[in-house]
Amino acid sequence: RFHHTSTSHLCSCSKTISDEKYQDPFQLGRKDLKNLYEDIKKELLVSAAELKEMCDYYFDGKGKAFRPMIVVLMARACNIHHNNSKEVQASQRSVAIIAEMIHTASLVHDDVIDDANSRRGKRTLNQIWGERKAVLAGDFILSAASVALARIGNTTIISVLTQVIEDLVRGEFLQLGSKENENERFAHYLEKTFKKTASLIANSCKAVSILGCPDPKVHEIAYQYGKNVGIAFQLIDDVLDFTSCADHLGKPTAADLKLGLATGPVLFACRQFPEMNAMIMRRFSKPGDVERARKYVLQSDGVQQTTYLAQRYCHAATREIRKLRPSPEREALVHLTEMVLMRDK
């Protein structure tokens, strides 16, 4: 069992960072991410006006570029660790671009599978252009990412990043299934979370570390950091589905329950309210199930337990990244774990 903790204690790790060392990840990564979305649009050069409009709709430059930012910061941290090089290689920046393209393609496909009507505060592609065209747009973005990946010309990097695409598909299949046994159910949930969210961050971090440093130990540090941050990010996302308002989140709340999904807060709540088991097994399909399950979650310590679990993953990420030589980028990656825990949308 994970013990209850109050969210006020979430940032205990921040005491280890002195004010002069404090680095804003977004500020530090900004230089390397300049023109990111313009460069993505160059990869998506298309003659079909409608397809171009669909691609431009998501790559509008208004996203936080969370994944590319982690990738360029990791690239710099690994380069400095290896030979004190302070520049991001062109191939490493390409990995950041490819990561954002794969991520966006997966969102487009997810929205079709979930029949979602809003994303990032605006209507989804499938709502505007229809499911068939949305699927094809997702496929097109993925194919353009594959072309960009091949251009890097490194078979190891191709192998590492194509693993992400396989994991995304396997993760979606895991999400479509469910487990009867409580312990199996939690393991199933964490495996799905890794494959659908964390694999992209973990393998992108690993890819830039391979390009910047020959040491396999550094590759493992980069991978483990990305994996732990990625799982924590999704755990907090699952918490926000219960605690944030729809306007703030940019998508409907209790969306996971409506899709029949039992996320961390639900699985923890189930330990206090065993009557939720039947609802989980029927995927909240009976009238009133979604409302009752939401009420049980908010009455339980499911939200706090899931937040605490995210905190543990963030602490693991911090332990890993501190194995690299000190650098502003390393400290920014440490600070990023705190930002993941404290985000509210």
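**Helices, cores and a few residues**

Mentor: T104 counts as buried, because its relative accessibility is 0%. Keep in mind that this is a predicted model.

Trainee: Which helix is T104 in?
Mentor: T104 is in helix α5, which covers residues 90-114.

Trainee: And what does T104 touch, not counting residues up to four places away in sequence?
Mentor: With those set aside, T104 touches Y58, F59, R120 and I141.

Trainee: What about D110, buried or exposed?
Mentor: D110 is buried, because its relative accessible area is 14% and the cut-off for buried is under 20%. D110 also lies in helix α5.

Trainee: Which residues does D110 touch, leaving out those up to four places away in sequence?
Mentor: D110 touches R119, E172 and K196.

Trainee: How far apart are D110 and V135 in space?
Mentor: Their C-alpha atoms are 9.4 Å apart, while in sequence D110 and V135 are separated by 25 residues.

Trainee: Where does H109 sit?
Mentor: H109 is found in helix α5. Leaving aside neighbours within four places in sequence, H109 is in contact with A134, V135, G138 and D139. The C-alpha atoms of H109 and L125 are 9.6 Å apart, and these two residues are 16 apart along the chain.

Trainee: Changing topic. How do α3 and α7 cross?
Mentor: Helix α3 is residues 49-58 and helix α7 is residues 131-152. Their axes come within 10 Å and cross at roughly 75°. Angles of 65 to 115 degrees count as roughly perpendicular, so α3 and α7 are roughly perpendicular to each other.

Trainee: Which residues meet there?
Mentor: From α3, E50, L51, M54 and C55; from α7, K133, A134, A137, F140 and I141. The residues of this contact divide into seven nonpolar, no polar and two charged.

Trainee: Next pair. At what angle do α4 and α10 pack?
Mentor: Helix α4, residues 66-83, packs against α10 at about 155°, with the axes 11 Å apart. That makes α4 roughly antiparallel to α10, because the cut-off for that term is over 145 degrees. The crossing is right-handed.

Trainee: What makes the contact between α4 and α10?
Mentor: On the α4 side, F66, R67, I70, M74, C78 and H81; on the α10 side, V218, A222, Y225, V229 and F233. By type, the contact has nine nonpolar residues, one polar and one charged.

Trainee: Which residues touch the most other members in the largest nonpolar core?
Mentor: F66, I70, M74, V95, M101, Y225 and M276 do, in a core of 93 residues. Helix α10, residues 216-243, gives the most to this core, with 14 residues. Apart from it lies another core of nine residues, among them M54, Y57, W129 and A134.

Trainee: Back to M74. What is M74 in contact with, leaving aside neighbours within four places in sequence?
Mentor: C205, V208, A222, Y225, I321 and L333.

Trainee: Last one. Is T306 buried or exposed?
Mentor: T306 counts as buried, because its relative accessibility is 0%. T306 is found in helix α16, residues 302-321. Not counting residues up to four places away in sequence, T306 touches L235, V239, G264, P265 and F268.

Terms used
Residues are numbered from 1 along each chain as its sequence is written. This is a predicted model: local features need pLDDT of at least 70, side-chain atom pairs count only at pLDDT 80 or more; totals for chains, interfaces and linings use all residues. Side-chain values use heavy atoms; hydrogens and water are left out. A nonpolar core is a set of buried Ala, Val, Leu, Ile, Met, Phe, Trp, Tyr and Cys residues joined through side-chain atoms within 4.5 Å. Buried means under 20% relative accessible area, exposed over 50%, partly exposed in between (1.4 Å probe, protein chains only). Helices (H or I, at least four residues) and strands (E, at least two) are DSSP runs, numbered from the N terminus. Contact means heavy atoms within 4.5 Å. Axes are lines fitted to C-alpha atoms, for helices over the stretch in contact, and angles run from 0 to 180 degrees between N-to-C directions. Angles under 35 degrees count as roughly parallel, over 145 as roughly antiparallel, 65 to 115 as roughly perpendicular and the rest as oblique. A crossing is left-handed if the near helix is turned anticlockwise from the far one by less than a right angle, and right-handed if clockwise. Ala, Val, Leu, Ile, Met, Phe, Trp, Tyr, Cys and Pro count as nonpolar, Asp, Glu, Lys and Arg as charged, and the others, Gly among them, as polar.
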